[in-house]
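Please keep the sequence and the structure in view while reading.

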Amino acid sequence: MVAAPGENMRINGDRLWDALMEMAKIGPGIAGGNNRQTLTDADAEGRSLFKTWCENAGLKIGVDKMGTVFATRPGADPNALPVYVGSHLDTQPTGGKYDGVLGVLGALEVVRTMNDLGIKTKHPIVVTNWTNEEGARFAPAMLASGVFAGMHSLDYAYARKDPEGKTFGEELKRIGWLGEEEVGSRKMHAYFEYHIEQGPILEAEDKTIGVVTHCQGLWWLEFTLTGKEAHTGSTPMNMRVNAGLAMSRIVEMVQGVAMENQPGAVGGVGQVFFSPNSRNVLPGKVVFTVDIRSPDKEKLDRMRAKIEAEAPVICDALGVGCSIEAIGHFEPVTFDPKLVTAVRNAAEKLGYSHMNIISGAGHDACWAAKVAPATMVMCPCVGGLSHNEAEEISKEWATAGADVLFHAVLETAEIVA
């Protein structure tokens with residue numbers, strides 16, 4: 001007989017918050033956040049703490065060849081596929097304490113609360129820490145979940161290089177988290193991911209829970225512009241081959257393309273490398289990444305086509321060479337209606353204000369949705385600020401979202417009497 005969890009069943013918000021604060025001590029940033037980039041020593045330390053907590057909760061640890069950590073709580077039915085719940089522990093170079101971490105530790109809190117209450121489920125539950133969700137050190141983002149879903153090969157992932165030329169494969173082995181399990185060999189009954197919104201909508205609408213129905217699609221286009229290094233003071237304006245000027249005009253063009261496709265489209269540039277990056281030398285080479293997103297596939301592809309058509313025209317007019325490589329992509333995602341309903345029902349049962357929302361950021365859930373039913377739960381973040389050390393949430397928000405996650409997971413994993 002399947003029992004339904006009552007609304008009086010809640011997670012331990014103090015314990016979840018304490019875990020968040022303890023993890024934040026590892027890889028501290030310079031302004032109150034974190035710098036725990038993937039496959040660094042800080043990442044290894046965070047993983048070890050997470051592993052210890054999972055083992056103390058009675059979970060069995062598995063690690064695949066991408067370094068993703070799976071911590072399993074057994075189910076009553078040995079033949080039932082597991083319900084996976086997780087996110088990531090890696091951060092941006094100037095990241096916050098909650099992006100990704102809330103989802104991993106929220107998942108751990110779900111099983112800790114199940115242990116406290118003596119709850120058994122038909123399906124096993126697997127707490128998951130995906131490797132390299134951020135893509136800050138090794139592009140593209142969501143790399144391990146992408147390999148898991150068959151979107152990238154293992155060789156492709158291992159060959160990714162950071163700005164210093166170190167490869168993903170070498171660094172994974174160096175920090176001691178290269179597992180033996182084949183990537184993607186696990187089968188999922190369902191996948192849940194709990195995350196901060198990373199945008200301002202929930203806070204502006206005074207809603208506690210985001211019921212995530214879709215995720216925007218994305219293209220990352222890496223531009224390499226080739227000009228001519230020259231002295232900024234002694235080179236006449238009409239004799240310059242200025243790769244930096246070409247870049248600035250492309251950035252302005254991307255802004256225009258995104259505005260032309262409103263509503264439901266965004267575009268911008270967040271990373272730029274000038275060479276030689278000297279204050280009195282015009283750059284001979286500029287490498288930067290254009291990030292465009294939309295929940296509408298047709299619109300997303302139209303934006304990409306226009307940007308790729310107009311950028312070479314801009315460069316030609318300045319005598320600058322231009323090459324473009326797509327280094328990251330996922331199509332818009334529609335999350336599983338049954339799981340979305342489970343999240344919505346949990347929020348209503350628990351009395352939390354909620355609204356449907358489209359995720360503006362990419363998440364491991366986007367790739368998990370390729371191989372299993374998947375959805376997400378979101379909580380607000382102050383001012384919508386994320387990928388910033390000033391990222392902030394309240395303990396009450398964190399607790400509410402974890403409560404909803406707890407109930408949605410239990411409904412899906414099926415409590416046994």
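On a 1 Å grid over the protein atoms alone, a cavity is a set of points where a 1.4 Å probe fits but cannot get out, and its lining residues have an atom within 4 Å of a point. The model is predicted, with local features needing pLDDT of at least 70 and side-chain atom pairs counting only at pLDDT 80 or more, whereas totals for chains, interfaces and linings use all residues. Residues are numbered from 1 along each chain as its sequence is written, and side-chain values use heavy atoms, with hydrogens and water left out.

**Cavity**
- The lining of the largest cavity consists of Pro 140, Ala 141, Met 142, His 152, Leu 218, Trp 220, Gly 328, His 329, Phe 330 and Trp 367.
- By class, this lining has seven nonpolar, three polar and no charged residues, where Asp, Glu, Lys and Arg count as charged, Ala, Val, Leu, Ile, Met, Phe, Trp, Tyr, Cys and Pro as nonpolar, and the others, Gly among them, as polar.
- Strands S8 (217-226) and S13 (321-330) each supply at least two lining residues, and S13 gives the most, with three; strands here are DSSP runs of E with at least two residues, and helices runs of H or I with at least four, numbered from the N terminus.

Key: 1 Å grid on protein atoms, 1.4 Å probe; cavity = no way out; pocket = protein on both sides within 12 Å on 5 of 7 lines; lining within 4 Å.
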